[in-house]
Amino acid sequence: MTNRPSYLDFDKSSYAWKPDINYREHPELYRVGKGEQGVLICEPYKSEIGQYWRFLNEDVAEQSSEKIFDLFETYIANGDFVGADMARKYLQMGYTRARRYANYKGGKKYDANDDYAEMERGTGEPEKAAAAAIFYKRWQAAEGDIVYSSLRKKWKHERG
């Protein structure tokens, strides 16, 4: 049996994040979750942050990650944990997606035409590795932010 991508068995109804919720108005409904969960759903943050998320090459990644990290710091300064967590997730996703494109041609890890067999690794674009490194640095800076870390710990303890 092949290592099938998790999105094939995705259960939308049980997913904690919903596209019809304004998470700034209802932060109590937000869950931190694992990794990048909810990053492409939670509004208004998806629209605020996502417009800057780019990893075409090293220069674009530098500008993108800097803008997203600035948003992260603004959310922290405003006491907006949900916004800060979403910005952190975009930084993480910048790293993971750029790595995917560095490792696999066209960023495609699985072959939908071959029972989702894993594609050949090492066929991607080398410049995406440099973009990934830039996002990784900013993602780790966000993760290591003392205020963010304490807010996240408290949030997860109280809300999940």
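Biologist: Why are helices α2 and α3 called roughly antiparallel?

Modeller: In this predicted model, α2 (residues 58-77) and α3 pack at an angle of about 160°, with their axes 8 Å apart. Angles over 145 degrees count as roughly antiparallel, and α2 and α3 are therefore given that description. Their crossing is left-handed.

Biologist: Which residues make the contact between α2 and α3?

Modeller: From α2 come S65, I68, F69, F72, Y75 and I76, and from α3 come G83, A84, A87, R88, Y90 and L91.

Biologist: What is the division of this contact of α2 with α3 into nonpolar, polar and charged residues?

Modeller: The contact comprises 9 nonpolar, 2 polar and 1 charged. Tyr counts as nonpolar, whereas Gly is among the polar residues.

Biologist: Let us turn to single residues. Why is K89 said to be buried?

Modeller: The relative accessibility of K89 is 0%. Buried means under 20%, so K89 counts as buried. This residue lies in helix α3 (residues 81-103).

Biologist: Which residues does K89 contact, apart from its neighbours within four places in sequence?

Modeller: K89 is in contact with W17, Y30, R31, V32, G35, E36, Q37 and V39.

Biologist: What makes I134 buried?

Modeller: I134 has a relative accessible area of 13%. Because the limit for buried is under 20%, I134 is classed as buried. Its place is in helix α4 (residues 126-144).

Biologist: Which residues does I134 touch, not counting those up to four places away in sequence?

Modeller: I134 touches E58, A61, E62 and S65. S65 also belongs to the α2 side of the contact with α3.

Biologist: How far is I134 from A87?

Modeller: Their C-alpha atoms are separated by 15 Å, and the two residues are 47 apart along the chain. A87 is one of the α3 residues in the contact with α2.

Biologist: Now the chain as a whole. How do you know that its radius of gyration agrees with that of a compact globule?

Modeller: A compact globule of 160 residues would have a radius of gyration near 15 Å, and the chain has 17 Å, which agrees. The C-alpha trace spans about 45 × 40 × 25 Å along its principal axes.

Biologist: What share of the residues counts as buried?

Modeller: Of the 160 residues, 36% count as buried.

Biologist: What is the order of the elements from the N terminus on?

Modeller: The chain has 5 helices and 2 strands, and the elements run α-α-α-β-β-α-α. Among contacts between residues at least 6 apart in sequence, 62% join residues at least 24 apart.

Notes. Residues numbered from 1 in each chain as written. Predicted model: local features only at pLDDT ≥ 70, side-chain atom pairs only at ≥ 80, totals over all residues. Heavy atoms only, no water. Helix = DSSP H or I, 4+ residues; strand = E, 2+ residues; numbered from the N terminus. Buried < 20%, exposed > 50% of the residue type's maximum accessible area, 1.4 Å probe, protein only. Contact = heavy atoms within 4.5 Å. Axes fitted to C-alpha atoms, helices over the stretch in contact; angles between N-to-C directions. Parallel < 35°, antiparallel > 145°, perpendicular 65-115°, else oblique. Left-handed = near helix turned anticlockwise from the far one by under 90°. Rg over C-alpha atoms; globule rule 2.2 N^0.38 Å.
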